[in-house]
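Trainee: I would like to learn how to read a structure like this one, beginning with a single chain and then going on to helices and sheets.

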Amino acid sequence: MAQSIPGARFVDPAILARIGNLELLARQVVEGFINGLHRAPYFGASIDFAEHRGYVAGDDIRRVDWRLYARTDRYFVKQYEADTNTNVNILFDVSRSMSFASRGLSKLEYAAFVAACLAYLAHRQRDRVGIVTFDTDIVAHVPPSAKHFDMVLHTLDRARAERPGALARPLGLVAEHFKRRGLLILISDFYEEPDAVLDAVKPLRFLGNDLIVFHVLDPAELDFGFEDASSFEDLESGEQVPVVPESLRAEYRRMIQEHVAALSTRFSEHRIDYTMLNTAEPLDRALFGYLSSRERLLRVR
Amino acid sequence: MSFLNPLLLLGLGAIAIPILVHLIQRERKRVVAFPSLMFVRRIPYQSVRRRRVRHWLLLAMRAGAIALIVAAFARPFLRRSAAAAAAGGGSRELVVLLDRSASMGYGDRWQRAQEAARQAIRSLAGDERATLVLFSRNAEENMRATTDHARLEAAIGEAKVGAGATRYGPAIKLAESILAQSPAPRREAVLVSDFQRSGWSGSEDARFPEGMTLTPVPVGDGETANLAVPSAAFQRASFSGQERITVSAGLSNKGRDPMNDVPVTLSIDGHEIQTQRVSIAPGTSASVTFTPFTLTEPNVRGTIRAGDDLLPADNVFHFVLDPSAPISILVVDSGADAGSSLYLSEALAVGSTPAFAVDVVPAARVVPEQLNGRSVIVLNDTPVPPAAGTGPLQAFVERGGGLLVVLGDRSSWPQNDATLLPGKVGPPTDPPGGRVVSIGFRDYGHEVFEIFKAPRSGDLTAAHVFRYRALEPSPDARVLARFDDGAVAGAERRVGEGRVIVWTSTLDDSWNDLALKPVYLPLVHQIVRYLAQYRQPRSWQTVGQVLDLAEPGRGTGERVIVTPAGDRITQDGETGLLELDQQGIYEVRRDEGGRDAARPQAIAVNLDPAESDLSPIDPAELVASVTGRAAAPAAAAAAAAPEATREDAERRQRLWWYLLTAGMLLLAAEMVVANRLSRREKFL
């Protein structure tokens with residue numbers, strides 16, 4: 001196994017993009033990320049003590065808590081967190097708007113890095129990993145499995161943003177499809193009204209799934225740093241609008257911030273973790289978002 | 001500042017292009033892909049905002065570059081004064097050609113010409129040199145290559161109209177030679193004249209090379225009305241032993257209006273003789289004949305004056321008349337036949353210009369004194385007179401006399417003294433076969449036969465010759481005519497100052513019938529005139545002619561010449577050339593043996609008749625002929641501001657090169673700035 005590179009998570013995603021192999025990339029980022037967490041409360045969470053239960057025949061006598069037997073004279077067996085494997089499903093938006101790139105790295109690529117890193121992290125914790133790519137429909141589906149890590153990476157690698165997207169239909173299908181509760185990671189740029197986004201996302205929560213939402217945005221989408229008057233073409237509809245950026249930049253920035261704030265607020269109201277990712281920033285924010293969510297998932301168990 | 005191609009300044013409208021591009025072009029050209037326009041669409045579209053220029057620097061550079069390039073192509077040049085141009089390094093050498101021909105005295109042309117010449121001098125910078133050339137028929141440097149402009153202007157003021165005819169060729173050649181020696185970068189000539197067409201034939205070999213400019217300054221006002229007396233004719237008649245002269249004056253009206261009742265006055269020796277009035281139609285000539293007057297003295301001065309107009313010089317015509325002097329001829333015959341000299345003497349009795357005084361003497365009665373004062377001696381079919389002999393005859397000829405030897409049966413010449421004749425005389429010869437011969441060959445190049453050269457000017461071949469004396473011409477003899485059998489009909493030999501002609505057949509009707517032919521009289525007259533070396537006296541000369549006063553027989557004493565202006569010129573007897581450059585009467589006083597002649601010789605000098613024709617030539621045509629280039633603009637010429645040389649013109653127009661370079665540099669800078677801006681806006 002290759003050694004992880006310390007601080008790789010802080011590396012500019014555009015530089016990371018030079019690593020052609022998603023698994024290698026994810027490993028570099030995640031291992032570096034984990035090694036950098038000194039005394040991380042999350043490390044070894046899977047082998048931490050969770051609870052006692054009464055000994056039944058067949059249990060491994062090595063797991064008997066002898067101290068408790070000395071105090072209570074009853075046999076109890078320790079149960080550990082490592083035993084609580086879960087399904088991790090990545091819902092990956094491959095609508096055409098995800099192909100936008102202002103700095104060389106498209107949102108789709110950035111999202112793929114994030115997804116790969118998360119998948120690697122989950123896989124490393126023995127979680128079952130699956131993926132669903134979608135635009136207006138389901139594009140690819142890899143059911144969660146401990147053995148599907150490679151397929152997940154392959155699906156990510158193969159993902160192309162070619163068609164317009166819409167959240168409601170594919171997410172509805174996903175909600176209907178998943179019967180077992182698990183962790184859902186939704187990665188999209190959410191170019192829909194916040195209410196529509198919530199309407200599309202809420203069904204995913206019905207089965208008790210934990211939902212982490214990553215909102216991927218390019219810096220140009222946030223600050224609208226264009227200078228010259230141009231015709232702007234909507235990547236998904238193809239519509240062109242003459243725009244003088246200077247004249248509407250402030251207004252645009254205000255609107256996108258309101259949009260992000262509205263999404264954040266609405267997701268929080270529904271106990272959905274929301275993280276806005278700027279493709280110009282390193283990947284660690286996404287990993288923190290995931291792990292904090294994972295922690296909460298364990299605590300509420 | 002002005003522009004050579006001002007129309008190209010319309011290209012400045014191209015400045016609007018970058019402005020429009022800055023305002024509207026960007027949005028048309030670029031399409032920016034954006035993930036979603038859901039927010040953009042919510043913002044009201046403000047097209048007015050689009051018209052705002054953002055990159056003022058770029059816009060200014062682009063507009064500036066276009067303006068500079070357009071200005072460069074419009075070829076700006078600095079319109080500077082000549083002095084300022086000189087200060088810029090282009091010193092000039094100027095030659096002012098000032099026409100002082102007689103026609104410049106027409107109206108106020110001369111005053112205007114002087115002012116134009118002064119203006120040309122004043123256009124010079126302080127250190128620039130100029131030469132003043134006054135010209136008419138000839139050109140002379142009045143002041144050579146000086147920077148003393150005040151003296152030049154003074155010389156122009158002192159110059160006066162002359163009497164010469166206009167000839168542009170010598171003046172232009174002189175200007176060319178002066179300018180050719182000048183090291184100045186700008187070499188210019190200014191021609192101030194009335195541009196008479198008669199002054200330029202087009203065949204003059206006067207050319208300005210590259211680098212020299214000729215600027216015409218016409219001072220004529222287009223008015224050509226002029227009355228002139230270009231000629232006079234004199235009819236001589238003898239009345240009561242006195243010679244009477246009838247003077248006819250020729251007059252010409254060069255104008256477009258008729259001249260009516262013009263008084264024409266004849267004056268002789270300062271006294272008005274008669275005045276007549278005449279009307280002359282426009283563009284025509286007329287003549288006036290005055291009443292005859294008696295001419296008794298030599299060197300009688302006459303003047304004809306006609307009317308008065310803007311050019312008075314050609315309204316006067318001077319002449320000098322002398323009583324006609326007949327050619328004295330001694331005809332010596334044998335005396336045996338009374339009619340042998342009849343035809344000859346009768347032929348010589350006819351004629352007034354000149355008249356002939358003929359004395360016929362038999363050879364036996366000739367005495368040496370009879371040879372004195374004779375112009376021509378004719379030995380008509382006779383031996384050499386015993387009293388005269390060949391020695392006195394030879395002396396007579398060597399002094400300038402003429403000897404005509406007419407050979408016949410009785411002619412003989414001493415065998416041991418044949419040096420006077422042009423050949424050896426042979427015996428009488430009859431043409432072979434009993435036929436007659438005629439004069440087949442005439443030397444038309446000889447003065448005797450020159451008048452018969454033209455067709456129908458006398459048929460010498462009509463005469464039949466039955467017999468002649470053979471003549472074997474000597475090497476130094478010139479055969480004038482031959483019979484058609486090849487025998488010599490006439491031959492000449494020059495001896496000393498005189499001439500000897502031998503005619504090998506008789507001049508009566510014994511050997512030929514020439515005396516019966518119409519050509520006889522002019523032939524005899526021509527032979528006698530030639531032998532007498534007769535020159536018809538000229539009653540007047542033309543300005544510009546040169547006379548040789550040291551003619552033989554005129555004496556070798558000191559001569560004092562008084563010009564019409566009153567100047568006195570003293571000449572010794574050896575050098576007698578006199579250029580007649582004034583109109584009027586020259587007096588020539590000779591010291592002949594310690595006493596002055598009672599009545600001095602007079603020479604009348606008149607204007608060249610061509611000078612009276614004031615019709616002008618187009619100055620541009622003359623300049624084009626001289627320089628091979630078009631003339632300078634008329635306005636510039638009128639201002640007497642000579643055009644700059646090619647080098648100076650190029651220097652004054654060199655501004656375009658700097659403008660173009662600046663424009664290109666601005667474009668390059670614009671490219672750099674635009675690249676930087678576009679790099680900063682790399683999403684676009």
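**Reading helices and a sheet**

Mentor: Let us begin with chain A in this predicted model: of its 301 residues, 42% count as buried, and its secondary structure comes to 10 helices and 10 strands.

Trainee: Where do helix 7 and helix 9 of chain A make their contact, and at what angle do their axes cross?

Mentor: The axes of helix 7 (residues 194–201) and helix 9 (residues 245–269) of chain A come within 9 Å and cross at roughly 35°, and the crossing is right-handed. On the side of helix 7 of chain A the contact is made by P194(A), V197(A) and L198(A), while helix 9 of chain A brings H259(A), A262(A), L263(A) and R266(A).

Trainee: How should I read a sheet, and what is the order of the strands in the open sheet of chain B?

Mentor: In general, strands of a sheet pair through backbone hydrogen bonds, in either a parallel or an antiparallel way. Here the open sheet of chain B has 4 strands in the order 12-11-15-16, and the pairing is antiparallel.

Trainee: Why is one side of strand 12 and of strand 16 of chain B left without a neighbour in the sheet?

Mentor: Strand 12 (271–280) and strand 16 (316–321) of chain B stand at the edges and each has a single partner strand, so one side of each has no neighbour in the sheet. From one strand to the next, the twist averages 20°.

Trainee: Which residue of strand 16 of chain B is the bridge partner of I304(B)?

Mentor: That partner is F317(B), and strand 15 (residues 300–306) of chain B pairs with strand 16 of chain B in the antiparallel sense over 6 bridges.

Technical notes: Residues are numbered from 1 along each chain as its sequence is written. Chains are lettered from A and ligands numbered from 1 in the order in which they are written. This is a predicted model: local features need pLDDT of at least 70, side-chain atom pairs count only at pLDDT 80 or more; totals for chains, interfaces and linings use all residues. Axes are lines fitted to C-alpha atoms, for helices over the stretch in contact, and angles run from 0 to 180 degrees between N-to-C directions. Helices (H or I, at least four residues) and strands (E, at least two) are DSSP runs, numbered from the N terminus. A crossing is left-handed if the near helix is turned anticlockwise from the far one by less than a right angle, and right-handed if clockwise. Two residues are in contact if their C-beta atoms, placed from the backbone, lie within 7 Å. A residue is buried if 20 or more other C-beta atoms lie within 10 Å of its own, exposed if 12 or fewer, and partly exposed in between; C-beta atoms are placed from the backbone. Two strands pair if DSSP finds at least two bridges between them.
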